[in-house]
Amino acid sequence: MTLSEQSTSSLRSAISEFVSYLAVERGASPNTIAAYGRDIAEYASTLADHGVSTPDEVTAEHVAAHLQRLRSRHLAAATIERKLAAAKSFHKFLVREGLTENHPTARVPLPKVPERLPSAISIQEVESLLGQLFPEGASGIRDRAILEMLYGCGLRVSELCGLELPDVDLEQGYLRVMGKGGKEREVPIGGAADRALRDYLARARRLLCPAMSVARQDSKAVFLSTRGTRLTRQAVFKLVKKYGRQVGLDIHPHTLRHSFATHMLQGGADLRALQEMLGHADIATTQVYTHVDREHIREEYLSTHPRARMG
């Protein structure tokens, strides 16, 4: 097929090829593919409203019209950036594959997103959260272990829910975690998180699924619901919110991950080691935490440097 013949393909078929590329060549996760699909579908809708039916017909003005439509919906800056980035990736793919020579987004800059520093709670607030009374019984023991591990190991909620019994090596003090992009890493566990997990595995886990048929139980999942099934991310989100409210905190699971990273750095953790524990592919992602608590750094400076308070 010649380039001119390829360029007459419809936007619909071009989008189909792009989604196939994401799945087959880039190995993107189903969630990523679905997100790209939604963003590109919105983009195609804007183009269709302007009478555009093929990739060759798209102009920078059409891209600008799509950006204006996104802004008119009062979306968050980060959401607009993501949606426009999807359009740029789409056109870049089409040019690279020889499906068109037209690259209308090449000179379109992504909108600036205000820097959002991760939210974290103080060490005292963590103590209040984890020091509260938990319900008696298996669910309470489980919930304490979940909160201790989210904070004590810095896990993403998806990583915690995905943990399976063979992933836990408490004798060596490590968890094998499956992170973003299917990347596996080892995360250390110790102290209160270790004790809470041991207590849960020894006393509570088997009680969460008594009277259930073996076929319906998730025999490998570490954290189970009262129905004997793997605990969902939504369930963990709700329980973290519940226990937070009980001590006056408005938090979610990622708050505890942010707090883990912040408090580790305050305690003198090496940035590279923290990157490994968090499972960040890029050190720049971890470096965000070095800006979270400037006041803490200033206090440390004033209290420890021999000439900081002179004059």
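## Notes on the predicted model

1. Leaving aside neighbours within four places in sequence, Met 149 is in contact with Gly 154, Leu 155, Leu 160, Leu 163, Leu 175, Ile 189, Ala 193, Leu 197 and Phe 223.

2. How do α7 and α11 pack? Their axes are 7 Å apart and meet at an angle of about 40°. On the α7 side the contact is made by Leu 147, Leu 150, Tyr 151, Gly 152 and Cys 153. On the α11 side, Pro 253, Leu 256, Arg 257, Ser 259, Phe 260 and His 263 take part.

3. Thr 255. This residue is found in helix α11 (residues 253-266). Is Thr 255 buried or exposed? Its relative accessibility is 4%, so Thr 255 counts as buried, the cut-off being under 20%. Not counting residues up to four places away in sequence, Thr 255 touches Ser 119 and Ile 121.

4. Cys 153, one of the α7 residues in the contact with α11, is buried, with a relative accessible area of 0%. Cys 161 is buried as well, at 8%. The structure holds zero disulfides.

5. The sheet. Three strands form an open sheet in the order β1-β2-β3, with antiparallel pairing. The edge strands are β1 (168-169) and β3 (184-188), each of which pairs on one side only. As a reminder, strands of a sheet pair through backbone hydrogen bonds, either parallel or antiparallel.

6. Among the facing residues, Arg 176 stands opposite Glu 186 in β3, and Met 178 has Glu 184 of β3 as its bridge partner. Five residues lie between β2 and β3 in the hairpin, and Gly 181 in the turn has a positive phi of about 70°.

7. The two faces of β3. In a regular strand the side chains alternate between the two faces of the sheet. For β3, Arg 185 and Val 187 make up the covered face, while Glu 184, Glu 186 and Pro 188 are on the uncovered one.

8. A loop residue to look at. Pro 111 sits in the loop between α5 (77-96) and α6. At 15% relative accessibility Pro 111 counts as buried, because the limit is under 20%. Leaving aside neighbours within four places in sequence, Pro 111 is in contact with Arg 71, Ile 80, Glu 81 and Leu 84. The C-alpha atoms of Pro 111 and Arg 82 are separated by 9.5 Å, with the two residues 29 apart along the chain.

Conventions: Residues are numbered from 1 along each chain as its sequence is written. This is a predicted model: local features need pLDDT of at least 70, side-chain atom pairs count only at pLDDT 80 or more; totals for chains, interfaces and linings use all residues. Side-chain values use heavy atoms; hydrogens and water are left out. Helices (H or I, at least four residues) and strands (E, at least two) are DSSP runs, numbered from the N terminus. Buried means under 20% relative accessible area, exposed over 50%, partly exposed in between (1.4 Å probe, protein chains only). Contact means heavy atoms within 4.5 Å. A disulfide is a pair of cysteine sulfur atoms within 2.5 Å. Two strands pair if DSSP finds at least two bridges between them. Axes are lines fitted to C-alpha atoms, for helices over the stretch in contact, and angles run from 0 to 180 degrees between N-to-C directions.
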